[in-house]
Amino acid sequence: MRGSSKLWCALLAVPLTSGAWAVDTTAAEDLSRLSLQELANVQITSVSKSPEPLRRAPANVYVITHDDIVRSGATSIAEVLRLAPNLQVTQLTASSYQFGAGGFGGQQQAQNFANKLLILVDGRSVYSPLYSGVYADTVDLMLEDVDRIEVISGPGGTLWGANAMQGVINIITRASYLTRGTLVSAGAGNEEQIGSARYGDKLGQDGSFRVYGMSFHRGADETADHSSAHDGWSKGQGGFRADWTLPEDEITFQGDAYRGTENQPGTLDTTIVGANLLTRWRHQWGRADLQVQAYYDDSERYGPAGGGGFLLRTYDLEVQQNWLIGSLQHLVWGAGERLNDYEITNAQSLLFVPASRKLTLGDVFAQDTVSIGKSVQVGLGLKFEDDPYSGWTALPDLRVSWDLGAAGVLWAAAAKGVRSPTPFDVDVQEKIGPLVYLTGNPGFTAERVKSYELGYRVQPASFVSFSISPYYNVYDDLRTIEFGSTADPLPLHWGNLMSGATYGVSAWGNIQVMDWWRLSPSFSVLHKNLRFDAGASGILGLGQAGDDPRSQAGLTSSMNISPKLTFDASLRYVGSLPDPGLPAYTELTARLGWQVARTLELSLSGTNLLRAYHEEYPAPAGAEIGRGVMVGARWTPQ
Amino acid sequence: MSRQVLTNVYRLLHKAILLGALYACIGGGWLAHSAEPGEEEVEAAFLYRFAGYVEWPAEALSAPLFTIAVLGADGVAQDLQQMLPEHQLKNHPAQLRRIRRIEDLGNAQILFVGPQYNDELRRIIAQVADRPVLIVTASDHGLEAGSCVNFLLIDRRLRFEVSTIAAEHAGLKISAELLSVAVRVQGHGTGVPLATGGLR
């Protein structure tokens, strides 16, 4: 077959050389002959270079880009968040996830439901004020319309808002002038079926809008004996966004509404219902701008009869102003007020007393960033937050960055963060039959952290960049479970008798191996050194602060195999969980995308590909999560 | 030729046709991926093109050369370097100035701020404010920070938005043609008619 192999070589050589020829003809100088309109229509190789790091941001920020999102193979915001190396994402069941940053990712046995992160969707806070945690099943968006997700680990409360004790997840959707036209996307697989559609257009001379609808069903996971975990769920959601650009003003209106039904093991379904409406107005004059934002958010959750539920209405108003003073000082100040009005339908075993409240949360803040010389910037921020249970708290924040030019950027930060008391900490009563065994604590105080961070970012060559950020956090008043009294230990109540420190490091990089191939490795390690304060009961041990892996690592590969073919894969390693214990696991998500025509992309994607089932959290809170394979299509008629 | 050889040739041709079909399907094969330009090449082409659609005050064009300054963004600078020397902009020979600090801007007529400087855009733009410089950025908050033209990557196409307010502050006039291609325009008016000879 010697002859035929030569022929093969010849056959192969033709397209290879024609490819190389194509490169030359589209070199930069030829592009310069195109008109503006032609240039605006040139299709660009997606992910052809390392994403530029936010060079001087004095915080541990990871940005998940639009391209990362649509190429990842993930179909939910929760799964997309796995791409952020400074976040730990744990899937419990088909509909529930817990998120942690620098630890504190939740421990279900102690009813510690991962409650120290702030999640924002276009400036609207989506953590639940009832317990400070996030109902991941309420946070869904049409992923094609998400512009990016910024994940900031470390306290961010001074600038971002309440509950940013361990970090902030800032989800930003595209303005409607960037999403004109029709987009229809559908996927079907063994674990999930999903469909979504969006239409956008101009709205008069200065405006634009889009409307969207989406619906999905996610199938049940399994239990340890491989019977159904009966946790499948479905959700339908719709929404809109409209933007107007006027000479000195920008105005946005947006809203979403959803309804979902979730199977529950051993009982009837839970229903989730929600709607929100947000408006934002930004006025610019000279070198200052003023932004006013208001929103209304309705969130409801009803278990089966007797299982309890709640209706929560949130009204929020925020004002923020940016001033540029000279060319060396940037001042931001703002204030906000939020009303959480809730009514809880108490269950037999879980009660809130009182069952309804109107809680107000207010804040004022200012941050000034000053340039010193050409390479140093110092930012000093201070926020006063008035939370409904513990009153005014001061949250100072100091950040410094030092630009070393080609040698990189060094930054350091020291900040305070809090997780304020919630109805779950103060008003709760838990019962077994008639016996009350746990109550909230009216004297419960905020959980507090003083955080010290360092960071170094560098791009030693055009094809490689990396970031490394060690941190040291000192905690006080972490939540514990305490005895009633020595004579009468029951009911137990929440206390604030844990303190200590954690330290760790998170690092990631981007390597442009070839023009068409990017590799992004990452790792993080965490050490906890917590202790009970004098007088603490020690019930449930120190593990209740969070069942966190000591290490995580990831490797994401993005390939443009051809102009029409993309292949992305993301391998993740999550270290063992200590208490309750669970072995380490490694899993793989991958997606092959094929641009069949200018208007149609087909895809084949898989999640958790390495094993038929894996656990991310021990039973009974965690289910056996199955391998998912899905075929998808995305149609964008012009 | 023996029957065996003919059969082999037929099989090979058959395979070649299949391979060719597959090759066409996946869009030209492993190495032809670069047939599509990258974001930076298109940014460079736009930067070069913009000059033709903007009017500078006469004193801003008094220097012998027309200068496009690029802060950071080495890839964009490389691509511009390839296209500029052969061309004239506003009847001046064009040149590229690569800078690392905004203080080195000099008398450039166009400034492109590379995205790695996005978190200090406001400060950088403040230092150029009120000078006749067309500031071009590639940031989600470019216009908010005060730039005139801001690139946006939308569905694998490079588009841009324009602030005629920022242009007015800089004493620049933007042509209606440029505004018509922008995904959105912030500011007054519909642009000035294209000046004669503007394209070269």
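Two strands pair if DSSP finds at least two bridges between them. In this predicted model, strand 1 of chain A and strand 6 of chain A meet that condition with 6 bridges, and the two run antiparallel. Strand 1 covers residues 60-65, and strand 6 covers residues 146-153. Within this pairing, Tyr62(A) has Val151(A) of strand 6 as its bridge partner. Strand 1 of chain A is mostly covered, with 5 of its 6 residues buried.

The pair belongs to an open sheet of 5 strands in chain A, ordered 1-6-7-4-5, with mixed pairing. Strand 1 and strand 5 (124-125) of chain A each have a single partner strand and stand at the edges, so one side of each has no neighbour in the sheet. For strand 5 of chain A, a pairing is made with strand 4 (residues 117-121), antiparallel and over 2 bridges. There, Val121(A) lies opposite Arg124(A) of strand 5.

In chain B, one residue can be followed in detail. Ser147(B) sits in the loop that separates helix 5 (142-145) from strand 7 (149-154) of chain B. Is Ser147(B) buried or exposed? Ser147(B) is buried, because 28 other C-beta atoms lie within 10 Å, and the cut-off for a buried residue is 20 or more. Beyond its neighbours within four places in sequence, Ser147(B) is in contact with Ile125(B), Ile135(B), Val136(B), Thr137(B), Gly142(B) and Ala166(B). As for Lys90(B), this residue is 57 residues from Ser147(B) in sequence, and the C-alpha to C-alpha separation of the two is 22 Å.

Conventions:
Residues numbered from 1 in each chain as written. Chains lettered and ligands numbered in written order. Predicted model: local features only at pLDDT ≥ 70, side-chain atom pairs only at ≥ 80, totals over all residues. Buried ≥ 20, exposed ≤ 12 C-beta atoms within 10 Å, placed from the backbone. Helix = DSSP H or I, 4+ residues; strand = E, 2+ residues; numbered from the N terminus. Contact = placed C-beta atoms within 7 Å.
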